[in-house]
Amino acid sequence: MRLPRRIPAHRCSHGCLWLHEHLYCPNCRTRLERVNIASAAVLVSHTTVRVNPTGEPIRLGVARTTTGATTLCVIRGVVRGNGRDRVVLVLRDGRFHALGRRARLDSDWQASASSRAQGQSAPRRHSRR
Ligand SMILES: [Zn+2]
């Protein structure tokens, strides 16, 4: 499965960049427009949440893209946790995932990604009729 090199983001006329959707910039209150930015990021902080509803430890981090947008993310794969890990951000089910080295895209991830891809192509097929 090929990883996307770009992820959706939102930028205001003053250059503030947000990965999560807002109608107006939380900093300067000007209207935001949707842009695509590089998915490359640096994992600047991380923690492990051991008590959560899933019963499995979840690794969470803060990633900063090369263009300066910051987001909370779920960590997948191997990271050193020294604040300099290079990761790739992937948006899945409304959450950002930071893929470190040897991140494995499990069968659940692939099934979800392929069903989304089919969902995106379905309306195009209907419109051709
Ligand atoms: Zn702004």
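**Close-up views of strand pairing in a predicted model**

**View A. Antiparallel pairing of strands β4 and β5.** Strand β4 (residues 40-49) pairs with strand β5 (residues 58-65) in the antiparallel sense, over 8 bridges. Within this pairing, A41 lies opposite T65 of β5. The model shown here and in the following views is predicted.

**View B. The hairpin formed by strands β5 and β6.** Strands β5 and β6 run antiparallel and are joined by 5 bridges. G61 stands opposite C73 in β6. The hairpin leaves 4 residues between β5 and β6. In its turn, G68 has a positive phi of about 105°.

**View C. Parallel pairing of strands β6 and β8.** Strand β6 (residues 70-76) is joined to β8 by 3 bridges, and the two run parallel. V74 is found opposite H97 in β8.

**View D. The hairpin formed by strands β7 and β8.** Strand β7 (residues 85-92) pairs with β8 over 5 bridges in the antiparallel sense. Opposite L99 of β8 stands V88. There are 2 residues between β7 and β8 in this hairpin, and D93 in the turn has a positive phi of about 55°.

**View E. Burial of strand β8.** Strand β8 (residues 95-99) is mostly covered, with 4 of its 5 residues buried.

Key:
Residues numbered from 1 in each chain as written. Predicted model: local features only at pLDDT ≥ 70, side-chain atom pairs only at ≥ 80, totals over all residues. Buried ≥ 20, exposed ≤ 12 C-beta atoms within 10 Å, placed from the backbone. Pairing = 2+ DSSP bridges.
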